[in-house]
Amino acid sequence: MKALRWYDSRKVRVEEVPEPRIEDPKDAIVKVTSTSICGSDIHLYDGFVNTLEKGDILGHEFMGEVVEIGAEVRKLRVGDRVVCSFTISCGECEYCRKGYFSLCHVSNPNAGMQEKFLGGHTAAIYGYSHMFGGLSGGQAEFVRVPFADMGALKVASHLKDEQVLFLSDIFPTGYMAAENCMLQGGETVAVWGCGPVGQFAIRSAFMLGAARVIAIDQVPERLAMARAAGADTLNFDEVKVHEVLMEMTRGHGPDACIDAVGMEAHEGGFIGRYDKIKQLLRLETDRPFALRQAIMACRKGGVLSVIGAYAGLADKIPIGAMFNKSLTVRNGQCNVQKYWAGLLAKIESGAIDPSFIVTHHMHLDDAAAGYEAFTEKKDGCIKIILNP
Ligand SMILES: NC(=O)c1ccc[n+]([C@@H]2O[C@H](COP(=O)([O-])OP(=O)(O)OC[C@H]3O[C@@H](n4cnc5c(N)ncnc54)[C@H](O)[C@@H]3O)[C@@H](O)[C@H]2O)c1
Ligand SMILES: [Zn+2]
Ligand SMILES: [Zn+2]
């Protein structure tokens, strides 16, 4: 079969590889009909995630048809149309039972590799380096889906792939970012980053009761997409973000601040260069510019919701501001299974159609060009669907 493999920073290519097989009675094999490239894949593409190895198959947003099931799969049948969760969860451990599906204690076969970086470990994630389990990803024709009863959600045939594919990651992820803001109704929420995750966070914040969303980015078409959802927008190339946020909130700051940027934040000035050099020299793994700005802007007693991904160590986090303003910090990889059935119901009822995010369709064979277009935001690229 064909699959997208990583070789080095900014070097990926589609190659022939052996098809996956059932390895455990709880596995299923899914024939992929649609897959996509996530902002998290950029961190791999740019070489900022440790323990990725040459030849690893990337991709964690995918859906398709079940073509084989193991002897202990109960909820799925061959022929089912499913979307798969990017984190792999057993559904039975103490973390899964509490709804912390992204912290599943048993799905990550390489949990030990994370302990020294993180002091604990997450669930396995498809195609996301060896410390996240070393599992082959979904930018491929076929994928082995472990714990398939938990990791594959059946979807009705009348919905198009592009309407349901994002239940695999970015829709629940954006929703969790907004839910973590603990909105009561009427709040102002600021969202750093108008990539796919930010777009779903903006729409989810409105769904959950925000009166106003202020979205921050520098890419005009992404800001326009945020405005289409009803957000006010700030272009960080054009305005001083902190000052304008204070003006817009009578000097208090937003009630909740969502960082939907993560470890590769841009900043045009001295601080941006400082972080880039430190990251390249491996003196810090993450460039936390948006995070710093969100902490500084957040209202006293407000909520900081970090959904952009961070890998390890970051410098100059304003911990004093976070502490003295009594901010509540909520974050983490998305607990997809906590949200996806409810969000599927919203898609089925017509309350939201996630296909608004798709700007490009490409063949899986062209995935390497897709990585470049998405990373460089070429040709208005916001989200690409790859079809095998
Ligand atoms: N927590 C999770 O479960 C989870 C799941 C999916 C993705 N993520 C993470 O969410 C983040 C966003 O993902 P995406 O797919 O939207 O990626 P993306 O790269 O398309 O979007 C990031 C956006 O941030 C903008 N940006 C950069 N610097 C900024 C700054 N200083 N201020 C404001 N905006 C800035 C960029 O222009 C871009 O539009 C990534 O870090 C990704 O790894 C986390
Ligand atoms: Zn992702
Ligand atoms: Zn579990």
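**Overall confidence of the predicted model.** The protein has a mean pLDDT (the predictor's confidence in each residue, from 0 to 100) of 97, with 100% of its residues at 70 or more. Residues are numbered from 1 along each chain as its sequence is written, and chains are lettered from A and ligands numbered from 1 in the order in which they are written.

**The sheet containing β1.** Three strands form an open sheet in the order β2-β1-β4, with antiparallel pairing (two strands pair if DSSP finds at least two bridges between them). Its edge strands, each pairing on one side only, are β2 (11–16) and β4 (56–57). Strand β1 (residues 2–8) is joined to β2 by 6 bridges, and W6 stands opposite V12 in β2.

**Helix α14 on the sheet.** Helix α14 (residues 367–376) packs on this sheet and touches β1 and β2. The direction of helix α14 makes about 155 degrees with that of β2 (axes are lines fitted to C-alpha atoms, for helices over the stretch in contact, and angles run from 0 to 180 degrees between N-to-C directions).

**Surroundings of V82.** Leaving aside residues up to four places away in sequence, V82 touches V30, M63, G64, V66, L76, A152, L153, K154 and V155 (contact requires C-beta atoms, placed from the backbone, within 7 Å).

Key: Predicted model: local features only at pLDDT ≥ 70, side-chain atom pairs only at ≥ 80, totals over all residues. Contact = placed C-beta atoms within 7 Å. Helix = DSSP H or I, 4+ residues; strand = E, 2+ residues; numbered from the N terminus.
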